[in-house]
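Trainee: I keep meeting terms with cut-offs behind them. Can we go through them one by one?

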Amino acid sequence: MTSSKRKNKKGERVILHIDMDYFFAQIEERENPQFRGKPLVVGADPKKGKGRGVVSTSNYEAREYGIKSGMPISRSYKLCPDAIFLPVNMDLYKKVSERIFGTVKEFSSKIERISLDEAYLDLSKKVGSFKEAENIGKKIKEKIFEKENLTCSIGISKNKMMAKIACELAKPKGIRVITPEKVVGIISEMGVEVVPGIGPKTKDKLRKKLKKRDPKVRDAQIFSKEELINFFGKRGGEFYEKFRGKDSSPVKEEREVKTIGKEHTFQQDTKNPRKITSIFKQLIGDVYRQAKGRKVKGVTVTCRYEDFETHTKQTSFPAGEYDERFLIKKGTPLLLKFLTQSNKKVRLIGFRVTLYG
DNA sequence: AAGTTCTTATTAC
DNA sequence: CTAACGGTAATAAGAACTT
């Protein structure tokens, strides 16, 4: 704040990443202390409705059985039938999240919230060293624990990517600083999937290109920027920088919403047009209310069939504020095409609006 | 040929 | 049965269509 503590030598940034430890499950443990120490899975109850969902979060005891986020609940049940299975109580998690990040914001208003349990802070103007940033990080952890009785992990480095990697290394319950001198050394030895934007598909391509089962960032450093752009398009150029620990993306305090949508998976696949259209209208209603007062310029309808094949259809129109009836009028014909053009049962339908301005 | 619109693929949380 | 699989949003790329 004061001009004395403004910048470190080269005007390098100081970025902090905070991530709540196994957030949803940790909240449930707090609310129900008798769950502590036992495997706990938040997602859905596999006994009720047979559970078509996936694991949202599990505690560390459950992870010992191989249970992970994103895994089908049914599979997690096989891995550990004795675990405690809970449905998602999003309203509760939202409230807790609001309180936590309200507290965090008191340490720095330059904050980008990524999800209910994650955020970045840009401390560049607040601290003159990484050591100072670490002290702030410790205070944040203490404050959250004092106020909410919940633990988090914190990573600090010179950009968002490295702060996140530092945080990952600190988990659970830890804090970790990666100073600029250490950045390249650390990231070089990690798997390429630590780079944001490199998921399973891109990793697979790198695997083939490098002829390595488990390519490391170091291996990927042999590619020139041109080669990467050639291979991965626009993203390739960013990968080149990221393979060297560089990431200039700013901490964005607010980003604008461009689309709003809702989807629904049926408990059982269905072909019943009345069942489907009834849900469809509910979705539109929900989306309409969430988009309240905003100008809309298009709608997209999603349909996933029983075999998981997923398609979308969209229509656009002059931007304007429309009523719910208009959205139904635009969306329904798209939905009907899906029902007409195939005999398959429907697993999921979705409705999304594209906003203007 | 250029500019929109539509569709799919991929990623992230 | 082999199989398993949410919901929300962003972004990129390419095809299809218009002007």
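Mentor: Start with pairing: two strands pair if DSSP finds at least two bridges between them. The strands (E, at least two residues) and helices (H or I, at least four) are DSSP runs, numbered from the N terminus. This is a predicted model: local features need pLDDT of at least 70, side-chain atom pairs need 80 or more, and totals for chains, interfaces and linings use all residues. Residues count from 1 along each chain as written, chains are lettered from A and ligands numbered from 1 in written order, and side-chain values use heavy atoms, without hydrogens and water.

Trainee: What makes β2 and β3 a pair?

Mentor: Two bridges join strand β2 (residues 40-43) to β3. Pairing asks for at least two, so they qualify. The two strands run antiparallel. One bridge links Val41 to Ser58 in β3.

Trainee: Why are β3 and β4 called edge strands?

Mentor: The open sheet has three strands in the order β3-β2-β4, with mixed pairing. β3 (57-58) and β4 (84-87) each have a single partner strand, so one side of each has no neighbour in the sheet.

Trainee: How do you know that helix α1 packs on this sheet?

Mentor: Contact means heavy atoms within 4.5 Å. Helix α1 (residues 23-31) touches β2, β3 and β4. Its direction makes about 115 degrees with that of β2. Such angles run from 0 to 180 degrees between N-to-C directions, with axes fitted to C-alpha atoms, for helices over the stretch in contact.

Trainee: Which strands are the edges of the sheet of five?

Mentor: The order is β5-β6-β1-β7-β8, again an open sheet with mixed pairing. β5 (111-115) and β8 (175-177) pair on one side only, which puts them at the edges. The twist averages 15 degrees from one strand to the next. Helix α5 (residues 130-148) packs on this sheet, touching β1, β6, β7 and β8. Its direction makes about 165 degrees with that of β7.

Trainee: In which sense do β7 and β8 pair, and over how many bridges?

Mentor: Parallel, over three bridges. Ile156 stands opposite Val177 in β8.

Trainee: What makes β10 and β11 a hairpin?

Mentor: They pair in the antiparallel sense over eight bridges. Four residues lie between them. In that turn, Phe308 has a positive phi of about 80 degrees. Arg304 stands opposite Thr310 in β11.

Trainee: How many residues surround DNA strand C?

Mentor: A residue is near a strand if one of its heavy atoms lies within 4 Å of it. By that test 23 residues surround DNA strand C, and Arg52, Gly261, Glu263, Thr265 and Arg347 are the closest. β9 gives the most to this surface, with seven residues. Of the DNA atoms within 4 Å of the protein, 80% belong to sugar or phosphate.

Trainee: What makes the approach of Glu263 to the DNA a polar contact?

Mentor: A polar contact is a pair of N or O atoms within 3.5 Å; within protein, one must be able to donate a hydrogen and the other to accept it, and residues adjacent in sequence count only if both atoms are side-chain atoms. A backbone N or O atom of Glu263 lies 2.5 Å from a phosphate oxygen of DNA strand C, so the pair passes. A polar backbone atom of Lys234 is 2.6 Å from a phosphate oxygen. The side chain of Lys78 has an N or O atom 3.4 Å from a base nitrogen.
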